[in-house]
Amino acid sequence: MNKIGSKIRKLREKNGLSQEYLAIELGITQPSYARLEKDDERISITRLISIAKILQTSVSELIEEKINNLQVKVSENDSIKYIDTLMSADKEHISTLKEEIVFLRKLLEAQAN
């Protein structure tokens with residue numbers, strides 16, 4: 001388990017919340033949420049923000065950065081890298097949503113039969 005996923009798990013457990021609860025709050029399945037805790041590279045920026053809100057903490061707390069020590073210097077190259085990162089995260093989020101749609105369709109089909 002990696003650093004961010006581990007931090008999320010610890011805060012979730014400290015708050016007495018289940019993986020299923022967070023999954024419902026995030027609009028994903030419990031197995032999809034469990035994968036986020038195990039592989040934090042799958043966590044998009046937007047999802048990380050949502051998790052922080054649910055856990056009543058900050059994104060910087062989840063990534064263990066000290067707000068007072070954080071200094072941001074933005075250059076044109078940094079801006080381009082940041083935009084690329086956001087676009088990549090959005091594509092990943094869309095891919096995850098597509099996976100969840102397929103999963104939910106299969107669930108509905110199984111219930112219909």
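Are helix 2 and helix 4 parallel, perpendicular or oblique to each other? I found that they are oblique to each other; on the scale I used, angles under 35 degrees are roughly parallel, over 145 roughly antiparallel, 65 to 115 roughly perpendicular, and the rest oblique. Helix 2 (residues 19-26) and helix 4 (residues 45-54) pack at an angle of about 125 degrees, and their axes are 10 Å apart. The axes are lines fitted to C-alpha atoms, for helices over the stretch in contact, and angles run from 0 to 180 degrees between N-to-C directions.

**Ground rules.** I reminded myself that this is a predicted model, where local features need pLDDT of at least 70, side-chain atom pairs count only at pLDDT 80 or more, and totals for chains, interfaces and linings use all residues. Residues are numbered from 1 along each chain as its sequence is written, and side-chain values use heavy atoms, with hydrogens and water left out.

**Overall.** I counted six helices and zero strands; helices (H or I, at least four residues) and strands (E, at least two) are DSSP runs numbered from the N terminus. Of the 113 residues, 26% are buried, where buried means under 20% relative accessible area, exposed over 50%, and partly exposed in between (1.4 Å probe, protein chains only). I also looked at contacts, meaning heavy atoms within 4.5 Å. Among those between residues at least 6 apart in sequence, 68% join residues at least 24 apart.

**Helix 2 against helix 4.** I noted who meets whom: Y21, L22, E25 and L26 in helix 2 touch R47, S50, I51 and I54 in helix 4. By class, this contact has five nonpolar, one polar and two charged residues. My classes are Ala, Val, Leu, Ile, Met, Phe, Trp, Tyr, Cys and Pro as nonpolar, Asp, Glu, Lys and Arg as charged, and the others, Gly among them, as polar.

**Around helix 2.** Next I asked which residues of helix 2 are buried. They are L22, A23 and L26. Seen down the axis of helix 2, the buried residues fall within an arc of 105 degrees, so they line one face of the helix; the arc is that of the directions from the helix axis to the C-beta atoms. Their cover includes helix 1 (3-14), helix 3 (30-38) and helix 4. On the face turned away from the buried side I found the exposed residues E20 and I24. Helix 2 is followed by G27, with a positive phi near 75 degrees.

**Helix 1 against helix 3.** I checked this pair too: the axes come within 6 Å and cross at roughly 120 degrees. That makes helix 1 oblique to helix 3. G5, S6, I8, R9 and R12 of helix 1 make the contact with Y33, L36 and E37 of helix 3.

**R12.** Is R12 buried or exposed? With a relative accessible area of 7%, R12 is buried. Leaving out residues up to four places away in sequence, I listed its contacts as L17, S18, Q19, L22, Y33, E37 and L55.

**Q56.** My last stop was the loop between helix 4 and helix 5 (59-62), where Q56 sits. Q56 has a positive phi of about 55 degrees although it is not a glycine. At 75% relative accessibility, Q56 counts as exposed.
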